[in-house]
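Dear colleague,

Please find below the structure that I am handing over to you. My findings follow it, arranged by topic.

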Amino acid sequence: MHTEARSARRSNQIGRLFIYGSLIALAAFYLMPLWVMIVTSLKSLDEIYGGSFIGVPQAITFEAWNKAWQEACIGTACTGLRPYFINSILMVVPAVILSTGIGAINGYILTKWRFTGANAIFGLLLFGCFLPFQAVILPMAQVLGRLHLSGTIPGLVLVHTVYGISFTTLFFRNYFITIPDELTRAAQIDGAGFFRIFFSVMLPTALPIIVVSCIWQFTQIWNDFLFGVSFTAGQSSPITVALNNIVNVTMGRKQYNVDMAAAMIAAIPTLFVYVVAGRYFVRGLTAGAVKG
Amino acid sequence: MSLKNKLDLWLPRLVLSPSLLAVLIAVYLFIVWTAWISLSSSQMVPKFDFVGLEQYVRLWSTPRWHTAVANLFIFTTLFLAITISLGLFLAILLDQKVRAEGFLRAVYLYPMALSFIVTGTAWKWILNPTLGLQKVVNELGWTGFVFDWITQPSFAIYCVVIAAVWQSTGFAMAIFLAGLRAIDTSIIKAAQIEGASLPRIYVSVIVPMLRPAFLSVIVLLSYISIKSFDLVLALTNAGPGSATEMPSTFMFAATFRRNQMGVGAASAIMMLMTVAAIIVPYLYSELREDRNAH
Amino acid sequence: MKLTTILAASIAFMPVAALAESKGKVEGIHHWVSESEVKALKVVTDKLASKGYTWQDSAVGGLSGANALQALRTRLAAGNPPATMQFLGYEGLDWGKQGVLRSLNELYTKNGWDKALAPQLLSFVKNGDDFISVPINMHRQNWLWANKAAFDKAGVKEPKSWDELIANGDKLRAAGVIPLAMGDESWQILEVFEAILVDVNGPEFYKKAVVDLDEGTLSSPEMIATFDKLRKVRALVDDGFTGRDWAVATGMVADGKAAMQVMGDWAKGEFLAKGLKPGVDFLCFPTPTDKPNFKFVIDAFGMFKVDDAVTTAGQDAWAESIMDPEVQKQFNLFKGSIPARSDVPVDSFDDCAKRSYADREAAVKNGAMLGGLTDGFAAQPQFAGVFTDVVGKFFVTDMSSKDAVQALVDGINNAR
């Protein structure tokens with residue numbers, strides 16, 4: 001009995017060692033690119049061109065960050081990333097709210113107000129997720145031109161909302177389907193109407209999936225480059241386009257430290273969202289999405 | 001039927017219709033537009049004449065397209081297999097009541113937050129044998145260590161897989177972790193009492209219970225895999241040579257760089273058909289199952 | 001009361017004041033985003049400002065201008081073109097053929113610009129009878145940059161032929177330097193290939209193969225020999241060339257880690273930025289040949305048709321700014337190229353630019369002025385793309401020269 005317990009403890013210890021060893025080794029692998037970006041952004045340009053790419057900086061300087069934020073030039077406009085950061089916020093906030101809101105109400109309709117053809121419509125919406133966006137740029141540009149939204153932030157909000165609907169509808173439908181129909185039926189008997197049920201019965205239960213949908217949409221839209229470069233120009237560009245313009249020098253000396261600092265700045269909001277809301281993300285997924 | 005009931009009958013459809021209309025235009029009408037262009041002689045700007053399947057013939061006689069198709073299959077298979085197994089592995093480890101779970105989870109999850117426009121340069125350096133990983137390991141003393149896949153046309157695609165796995169594993173892990181958390185722990189305890197070892201319990205009891213999580217992961221990862229565009233451009237720009245060309249980068253180059261809009265549209269239609277061949281049966285079975293359940 | 005009056009008045013007058021400052025805006029898409037490029041562009045926009053117009057910058061960097069082209073296409077599809085756009089190669093001509101560019105004939109006649117430009121260059125700014133763009137600069141593509149100290153150490157001199165250059169490789173390697181610095185990007189490889197192509201076989205062969213896309217020439221033994229030579233050049237390059245930017249490769253030459261680089265004269269700025277002097281620290285000479293030639297790359301700005309007199313007047317001012325001799329001089333001092341106008345003296349330029357200028361004069365006379373293939377001045381993009389694919393693949397794999405030639409012929413025929 002005694003020796004058995006000890007051997008069990010030892011095998012348990014080996015198991016723990018294996019678990020932590022694997023977790024830490026993989027964590028190191030996952031942190032590698034972030035490490036490269038941060039140390040490079042803190043180096044001077046001479047040090048980098050001297051051949052030091054991923055080592056520890058000899059002297060730490062925040063000059064590159066300052067330059068990326070308020071001095072870096074895109075063409076002759078030397079404003080740094082600041083105005084584009086604001087553009088991105090102006091784009092991402094309404095687009096996330098709209099697409100999540102529309103997805104929520106669509107999911108509600110498709111699960112609680114089923115009508116003939118509802119599944120077919122859901123299928124149609126879902127297939128939209130898999131559209132290769134490179135193929136729709138030109139016709140989309142024509143539509144935006146007709147709507148006089150070409151080259152503007154509202155135009156981008158519209159595009160992101162439309163292409164976001166598919167995913168958000170999927171999220172909410174799969175979540176709401178787990179909520180018993182009795183709940184809505186009871187509310188109906190109490191005399192609640194279509195919107196009343198949505199706002200006072202469905203939405204309050206939907207917090208976890210709202211978080212998931214918002215995180216997903218926020219990252220997708222914030223990181224989008226293709227639509228941004230296609231549908232905006234110059235001062236109305238989102239940050240990814242501005243970042244590309246700073247980083248992607250074709251014929252000229254690259255300022256790697258400024259590039260990396262700029263990349264970090266562009267990444268901060270999404271990083272923040274994932275790190276802070278990551279817990280809710282897993283919780284939200286537990287609550288619904290995986291049951292699809 | 002009272003007015004209110006009638007309204008309740010029509011309101012849902014009415015509220016749904018703008019979404020439907022938007023998707024009909026922005027997805028399906030545009031697909032028709034692309035299909036039309038693929039049958040025309042369009043080069044620099046869209047032209048609406050008809051040349052039959054000429055652009056498809058041209059597409060399939062372009063060696064670069066063959067590379068792209070082959071790469072998509074290699075990439076998708078490996079990417080899905082590795083991401084799913086690694087994600088599941090991480091989720092199971094994290095589910096063992098480890099310390100600092102929140103921190104570790106954030107570490108695995110953060111790559112999903114970054115676009116490759118942001119991390120591309122860093123990855124290029126890490127994979128470059130004279131600057132990155134190989135150099136560091138060599139300097140640490142293991143001089144025989146070689147990691148130069150990115151320089152070799154037949155291996156470069158695996159570098160793209162590595163970076164893609166890095167980005168998406170955290171996401172797969174989160175979904176699996178959510179699935180694991182939803183499973184009743186008494187099942188594990190019951191199996192343990194019966195004398196089954198922990199790995200065995202996972203293989204034969206827990207993993208099969210994660211079927212819905214698997215489906216979600218597969219759908220989302222296929223989505224990421226087909227859209228992998230920034231990834232390739234940032235990492236290899238489809239090189240060396242055109243060894244890491246993918247359908248999405250091919251389409252972009254044909255349409256916007258090489259004045260072959262017709263060929264680009266044809267490649268888009270080929271991609272869509274591939275996607276449809278995989279997704280439509282899946283959707284069909286999923287939705288039909290639903291109907292049975294209700 | 002008084003304060004509010006002042007406030008109201010100042011608000012009321014603000015737009016007027018702004019209008020008085022600027023007659024209008026000129027929006028331009030371009031892909032100049034590096035420090036030296038922007039400095040150069042600033043010369044032109046300052047000139048534009050002195051004419052009373054504001055420059056609205058819509059720079060789109062990356063992919064050698066492909067992102068900018070995509071932006072332009074969507075803008076045109078949306079019916080919202082910019083006032084002006086930077087064109088490389090055939091792009092301007094192709095848009096001219098689509099009828100979206102303004103004819104600049106009036107400005108050309110009034111100012112006599114056509115007389116100031118080399119005839120080979122004219123064919124890129126003129127669509128039929130219409131002038132459609134104004135060129136600002138001329139880069140020379142076929143330069144060889146070398147580190148003088150490395151050359152001295154290995155005891156080698158400016159090579160007179162590609163064979164000699166390849167043979168020098170052993171001496172350089174023995175002296176501990178990488179003979180040739182380059183990256184594995186397809187366009188960098190293509191630059192080397194096309195240099196060999198014309199240097200060995202002469203301008204006429206180049207025109208037949210690359211401009212006329214003559215099948216007999218493309219599949220000729222000379223073509224196979226050209227690939228053979230490229231294979232030998234591959235051996236001069238180190239293994240770390242993957243994903244290496246051309247500017248990093250230039251840095252290797254500047255630091256003496258590598259001895260040579262084949263690159264257009266935009267590389268010069270990298271040497272100068274490090275305070276190195278031409279002839280003293282680094283050397284510049286045309287790629288080695290007994291058949292002198294000049295491969296040019298020009299940046300030109302085209303003006304889009306717009307229904308708006310203010311913008312049209314702004315476009316005129318922009319064109320005049322670009323063609324201003326003093327602007328061309330200052331711009332090119334920053335950019336590393338030489339003025340597009342042949343009548344702007346280059347006395348104040350460095351020795352490399354002076355050599356470029358003299359070689360251009362000779363090449364214009366001898367019919368050896370050639371458009372560079374890599375930057376789109378020799379073949380239409382769909383054909384240039386085939387060259388890029390095949391040459392790029394050849395260089396990074398062990399494809400045989402024969403197969404490469406076959407792939408080239410098949411690819412060109414498929415794209416026709």
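Two residues are said to be in contact here if their C-beta atoms, placed from the backbone, lie within 7 Å. With that in mind, please note that this is a predicted model.

I begin with chain C and its domains. Chain C is divided into domain 1, covering 28-37 + 59-140 + 296-355, and domain 2, covering 143-294 + 373-415. Between domain 1 and domain 2 of chain C, 16 residues of the former are in contact with 16 residues of the latter. On the side of domain 1 of chain C that touches domain 2, the elements giving two or more residues are strand 6 (133-140), strand 11 (294-303) and helix 16 (351-366) of chain C. The residues of this side of domain 1 comprise six nonpolar, six polar and four charged. Taken over C-alpha atoms, the centres of the two domains of chain C are separated by 27 Å.

A helix pair in chain C also deserves a description. Helix 9 (residues 186-211) and helix 17 (residues 381-396) of chain C have axes that come within 9 Å and cross at roughly 90 degrees. Angles of 65 to 115 degrees count as roughly perpendicular, and helix 9 and helix 17 of chain C are therefore roughly perpendicular to each other. Helix 9 of chain C contributes Ser186(C), Trp187(C), Ile189(C), Leu190(C) and Phe193(C) to the contact, while helix 17 of chain C contributes Phe387(C), Thr388(C), Val391(C), Gly392(C) and Phe395(C). By class, this contact of helix 9 with helix 17 of chain C has seven nonpolar, three polar and no charged residues.

I turn next to chain A. Chain A has 13 helices and zero strands. The radius of gyration of chain A is 24 Å, whereas a compact globule of 292 residues would have one near 19 Å. The C-alpha trace of chain A spans about 80 × 75 × 30 Å along its principal axes. Of the 292 residues in chain A, 55% are buried. Among the contacts in chain A with a separation of 6 or more, 77% are accounted for by residues 24 or more positions apart.

How does chain A meet chain B, and how many residues are in contact? The contact involves 71 residues of chain A and 70 residues of chain B. Several helices of chain A each supply at least two residues of the side that touches chain B, including helix 1 (2-41), helix 4 (82-112), helix 7 (153-176) and helix 10 (207-223). Helix 13 of chain A gives the most to this side, with 15 residues. By class, the side of chain A that touches chain B has 52 nonpolar, 16 polar and three charged residues.

Chain A also meets chain C, in a contact that takes 29 residues from chain A and 40 residues from chain C. On the side of chain A that touches chain C, helix 6 (137-146), helix 11 (226-231) and helix 12 (239-247) of chain A are the elements that give two or more residues. Helix 6 of chain A gives the most to that side, with six residues. The residues of the side of chain A that touches chain C divide into 14 nonpolar, 13 polar and two charged.

Helix 12 of chain A is mostly covered, with nine of its nine residues buried. Among them are Ile239(A), Leu243(A), Asn244(A) and Val247(A).

How values were computed:
Residues numbered from 1 in each chain as written. Chains lettered and ligands numbered in written order. Predicted model: local features only at pLDDT ≥ 70, side-chain atom pairs only at ≥ 80, totals over all residues. Domains from an automatic or database assignment. Helix = DSSP H or I, 4+ residues; strand = E, 2+ residues; numbered from the N terminus. Nonpolar A, V, L, I, M, F, W, Y, C, P; charged D, E, K, R; others polar. Rg over C-alpha atoms; globule rule 2.2 N^0.38 Å. Buried ≥ 20, exposed ≤ 12 C-beta atoms within 10 Å, placed from the backbone. Axes fitted to C-alpha atoms, helices over the stretch in contact; angles between N-to-C directions. Parallel < 35°, antiparallel > 145°, perpendicular 65-115°, else oblique.
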